[in-house]
Amino acid sequence: TEACLRACPAACTCSNVERGCSVRCDRAGLQRVPTEFPCEAASIDLDRNGLRILGERAFGTLPSLRCLSLRHNNLSFITPGAFKGLPRLAELRLAHNGELRYLHVRTFAALGRLRRLDLAACRLFSVPERLLAELPALRELTAFDNLFRRVPGALRGLANLTHAHFERSRIEAVASSSLLGMRRLRSLSLQANRVRAVHAGAFGDCVALEHLLLNDNLLASLPAAAFRGLRRLRTLNLGGNALGSVARGWFSDLAELELLYLDRNSITFVEEGAFQNLSGLLALHLNGNRLTVLSWAAFQPGFFLGRLFLFRNPWRCDCHLEWLRDWMEGSGRVADVACASPGSVAGQDLSQVVFERSSDGICVDPDELNFTTFSPGPSPEPVATTVSRFSSLLSKLLAPRAPVEEVANTTWELVNVSLNDSFRSHGVMVMCYKATFLFTSCLWLSLAQYVVLGPQRD
Amino acid sequence: TCPSQCSCEYHGRHEGSGSRSVLCNDLDMNEVPTNLPVDTAKLRIEKTVVRRIPAEAFYYLVELQYLWLTYNSVASIETRSFYNLKQLHELRLDGNSLTEFPWASLLDMPHLRTLDLHNNRITSVTNEAVRYLRNLTCLDLSSNRLTTLPPDFLDSWSHLAMTPSRSPDLPPKRIILGLQDNPWFCDCHISKVIELSKVADHAAVLLDPLMVCSEPEYLQGIAFQRVELEKCLKPSVMMSATKITSALGSNVLLRCDAKGYPTPQLMWTRSDSSPVNATVIQESPGEGVRWSILSLTGITYRDAGDYSCKAKNLAGTSEAVVTVTVVGVATTTLSPDTSERSPGEHPEQNHPQPGLGRSTPQSKSWLWPGLSYTSSHPTSSAAALSTSTLSPPPSSLPPIFSAASATTSVRTSISGSTVRTSHRPPLLHPGGKSNAKIEKNGRKFPPLSASKKEELALMDQAAPMETNITIKDLRVARETGASVTLTWSSSSSSSSSSSSSSSSSSSSSSSSSIQESAVTVLYSKYGEKDLLLVDADYGKNQATINGLEPGSQYVACVCPKGVGPREDQCITFSTDRVEGRDSQWSLLIVVTSSACVIVVPLICFLLYKVCKLQCTSDPFWEDDLSKETYIQFETLSPRSQSIGELWTRRHKDDGEKLLLCSRSSVDSQMNLKSDGHRAEYYC
């Protein structure tokens with residue numbers, strides 16, 4: 001016990017806890033790893049310091065160390081062999097070292113008992129194929145907030161991995177070979193990436209998968225065999241994508257599915273029998289889509305006793321949804337189904353819609369609002385406008401006729417004068433000649449002016 | 001499954017009876033996590049950098065009861081952020097950066113009892129919020145930036161005051177309010193809160209009764225318990241009476257007076273919530289006082305009941321009630337029926353009269369349009385006529401006049417020629433004399449137009465010529481610009497025959513003397529008295545007058561020798577050429593003016609152009625001068641290369657000057673070495 005306190009580094013705080021000696025050096029402003037740690041150290045916390053480089057055997061030999069945390073440092077290079085001398089290390093946290101970007105293939109060599117590895121927010125572009133090959137005991141890999149763009153190939157062959165977190169790592173596709181050999185994987189999180197395509201059979205080897213999170217990606221379609229073989233899947237989240245319809249074959253193998261999220265897509269159509277094998281479903285999320293109708297055939301031949309979320313859809317509350325209204329009243333597991341059409345029930349909740357019966361006992365659809373009464377409204381106005389314009393045109397046409405006639409008469413008289421007086425025309429010709437002479441002289445004058453003054457401008 | 005930055009625990013011995021708790025306290029978490037376990041009952045997101053709660057963030061946590069979002073950086077919450085949290089009991093948002101809270105979101109949390117907004121930056125509580133606070137039992141708004149509250153804020157929990165009376169055995173329900181540590185502006189708006197801090201037993205309890213005013217300045221630092229607000233008084237109401245009994249059919253006036261600061265508003269209501277359909281008059285004679293009168297006319301049994309007058313202002317409300325009772329007798333009831341019937345008859349009588357009145361105006365209107373139509377038509381036609389009569393005169397008179405004159409002249413000339421043809425055959429019958437006359441007539445034919453016009457003038461004077469006994473048919477035979485030829489005929493044939501015979505037998509001199517002795521031809525300008533004698537060759541019955549001025553009128557007289565001229569023997573004439581010249585002159589004026597209109601603007605444009613060019617040329621010279629000045633200035637300091645180039649150029653100029661100079665080579669070398677000034681001096 002005293003050894004733990006005696007050998008404590010200067011900037012750290014050491015204490016004996018239930019699981020052994022705990023060395024806390026977080027926020028100590030360290031630029032370099034302390035040279036000496038207590039041999040009994042079981043947990044070392046070096047978070048939020050200024051460490052840059054880890055040399056070989058950076059922590060010496062600590063046979064009891066189980067948890068090492070180096071989060072929020074400035075690590076840019078980890079020497080291969082930096083973690084030698086830590087034979088019983090079970091948890092290694094390197095999160096939020098944004099300068100790391102690259103890991104040597106033998107960075108984690110000799111960590112035979114490592115179970116949890118945290119590489120979140122390290123801005124890793126890719127990792128070597130065999131980076132994790134010497135970690136047979138690895139169970140949980142946390143690597144969100146990176147720049148992978150593809151599911152890292154280093155995952156292949158990790159037979160003991162159970163949890164993988166790759167949120168917000170800009171992954172664009174799940175290829176057929178991405179998840180080979182991961183037979184014990186139980187939880188895979190690919191949410192908030194840029195996945196556009198999931199290849200058929202991509203999850204074929206993941207026979208133990210229970211939670212598959214693909215929400216908030218860019219999926220617009222899925223192959224029919226996308227989820228083939230996931231017989232133990234319990235949670236499937238496809239919310240926040242761009243799916244336009246729900247195909248029949250997607251969920252045929254998911255007999256144990258409990259939670260199915262299809263919210264915040266663009267779904268307009270659900271095929272018959274799409275949910276027929278989901279007998280254990282507890283909640284189905286179809287909210288935030290573009291559904292106007294939902295056929296009972298989507299659940300046949302089975303029946304659905306879970307909770308149904310249908311809000312924020314443009315429902316058309318006609319006789320095709322009468323089954324849903326009855327089911328709402330009976331089970332109480334559906335609420336908030338706002339009608340968008342027909343017009344007479346727009347804005348109401350489906351539970352308030354009353355479906356009338358005809359004499360034969362057949363359901364009668366609610367009425368659309370009668371819009372024809374408004375159509376003749378605007379028609380009289382253009383007619384009136386046309387009439388007023390026509391009348392104004394008539395008045396304009398009638399007004400100036402008399403002056404025109406008078407002008408014509410005057411012209412006729414002028415013609416007579418010119419015909420009767422032949423001697424005067426001679427005088428007129430003389431004056432025309434003079435005028436022509438004047439015009440010609442003026443033109444010559446202007447031309448001369450232009451010729452003389454033009455060069456000076458240049 | 002548990003989100004990567006959270007830890008999930010399950011509390012409970014058995015699987016079915018426990019509850020799940022989720023804690024997310026990663027300092028690096030910046031978004032509300034998705035995919036939380038759906039059976040979460042308690043969710044804590046603490047000490048993270050989450051900044052906003054998106055809409056419907058927790059909708060799938062249908063069993064959530066406790067939602068703690070404490071000490072994050074939340075600055076933005078949407079109205080639907082807490083959608084579908086129907087089991088939520090407690091919502092804590094203290095230690096965030098909220099400036100406002102979406103109070104309408106409380107509708108989505110019907111079971112919410114505790115709302116903690118401590119230590120945020122909320123600046124106001126809206127009036128609409130009052131509607132949503134009803135279900136809360138603990139509301140903490142302490143350590144915010146509130147300066148005031150809606151006046152009805154405490155009315156949100158007015159229903160709690162009713163509870164003790166309904167169930168006296170149960171302990172009274174109370175709500176807890178946290179309002180301390182805010183910069184309060186102590187005025188009438190928060191007078192109810194100030195009163196609350198002074199009262200010991202109230203449905204609302206303050207977490208910390210020590211609240212201090214920040215504004216106005218004279219109340220700064222004073223605790224609420226010791227604040228006395230000026231001009232802030234709860235209204236008090238007085239009624240004119242508490243009970244009124246009135247007879248059926250009579251009129252009743254209810255008066256209500258209210259006092260308070262600010263001036264209260266008055267409103268009448270009935271106890272059974274039926275509408276008060278009566279005349280209401282309100283007045284405020286001064287600040288702090290308002291009265292209202294409710295007028296009930298023709299009172300009936302339906303009007304009986306309780307009328308309450310409510311006064312309300314920022315400081316509170318007050319109410320007074322008056323009971324109205326209606327008393328009636330059977331005989332009185334019958335008379336109204338009779339009166340009702342008689343008015344019924346009157347409308348029936350009046351109904352046809354308005355109908356008749358309506359029909360009469362219709363007939364009048366039917367007549368009126370006809371009248372207006374009739375009157376408008378002649379008006380328009382009259383206008384057209386006036387237009388036609390008015391517009392032609394000024395413009396078309398000269399053409400009409402000239403046309404008419406031309407037509408008249410043509411017809412007159414035709415008739416004149418016919419008359420001559422009838423007269424000539426008897427003259428042709430004599431032998432030699434007839435030949436001479438034929439020759440003269442041949443000369444007359446070519447100037448037909450002039451002769452036609454002269455005949456027109458003669459026709460005008462036909463009446464006075466007939467009276468002449470000695471000389472007849474005096475007329476203008478030929479007319480030119482400066483001369484006129486007159487012809488006439490003698491009344492006695494013997495005189496004419498004697499003259500002709502004597503001329504043929506005797507010599508030429510004797511014939512001329514005979515003619516001179518026969519007649520005298522005189523002429524003068526029109527208006528002048530001086531008569532001039534014609535000094536031209538006299539032919540028989542014709543004389544030519546020369547030396548006339550064109551464009552003027554003349555008077556010519558032919559009289560026997562020895563006899564003075566009389567008016568009947570004279571003729572006044574003015575040549576048609578003068579008329580033609582006048583018309584030509586007018587045409588000249590028109591053409592000249594039109595030419596000027598076209599040419600003068602052109603000349604002005606050319607002048608403008610010339611002036612513009614001259615003005616632009618001057619700056620050019622000024623630019624040259626400035627350039628020279630610039631060059632001279634630069635040569636004074638030849639440091640940069642460009643200045644060196646200029647110096648070189650100047651040197652070249654000096655060289656040129658030296659070539660023109662007749663100095664010796666020695667002087668030229670000295671000039672090269674010396675400054676430019678000296679070089680100029682030597683040159």
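Between which two strands of chain A does the loop that holds A:R106 lie? In this predicted model, where local features need pLDDT of at least 70, side-chain atom pairs count only at pLDDT 80 or more, and totals for chains, interfaces and linings use all residues, side-chain values use heavy atoms, with hydrogens and water left out. Residues are numbered from 1 along each chain as its sequence is written, and chains are lettered from A and ligands numbered from 1 in the order in which they are written.

The loop with A:R106 runs between β7 (91-93) and β8 (116-118) of chain A, strands being DSSP runs of E with at least two residues and helices runs of H or I with at least four, both numbered from the N terminus. A:R106 has a relative accessible area of 43% and is therefore partly exposed, a class that falls between buried (under 20%) and exposed (over 50%), with a 1.4 Å probe and protein chains only. Apart from neighbours within four places in sequence, A:R106 is in contact with A:P80, A:G81 and A:E134, contact meaning heavy atoms within 4.5 Å. The C-alpha atom of A:R106 is separated by 8.7 Å from that of A:T79, which is 27 residues apart along the chain.

Elsewhere in chain A, helix α2 (residues 322-331) has A:E322, A:W323, A:L324, A:R325, A:W327 and A:M328 among its buried residues. The buried residues of this helix pack against β20 (307-309), β22 (334-335), β24 (356-357) and β25 (363-364) of chain A, and A:G332, just after the helix, takes a positive phi of about 75 degrees.

In chain B, which has 14 helices and 29 strands, buried residues make up 31% of the 683 residues. Among contacts in chain B between residues at least 6 apart in sequence, 58% join residues at least 24 apart. Helix α2 (residues 191-198) of chain B is mostly covered, with six of its eight residues buried, namely B:S191, B:K192, B:V193, B:I194, B:L196 and B:S197. These buried residues pack against β10 (175-178), β12 (204-206) and β21 (316-327) of chain B.
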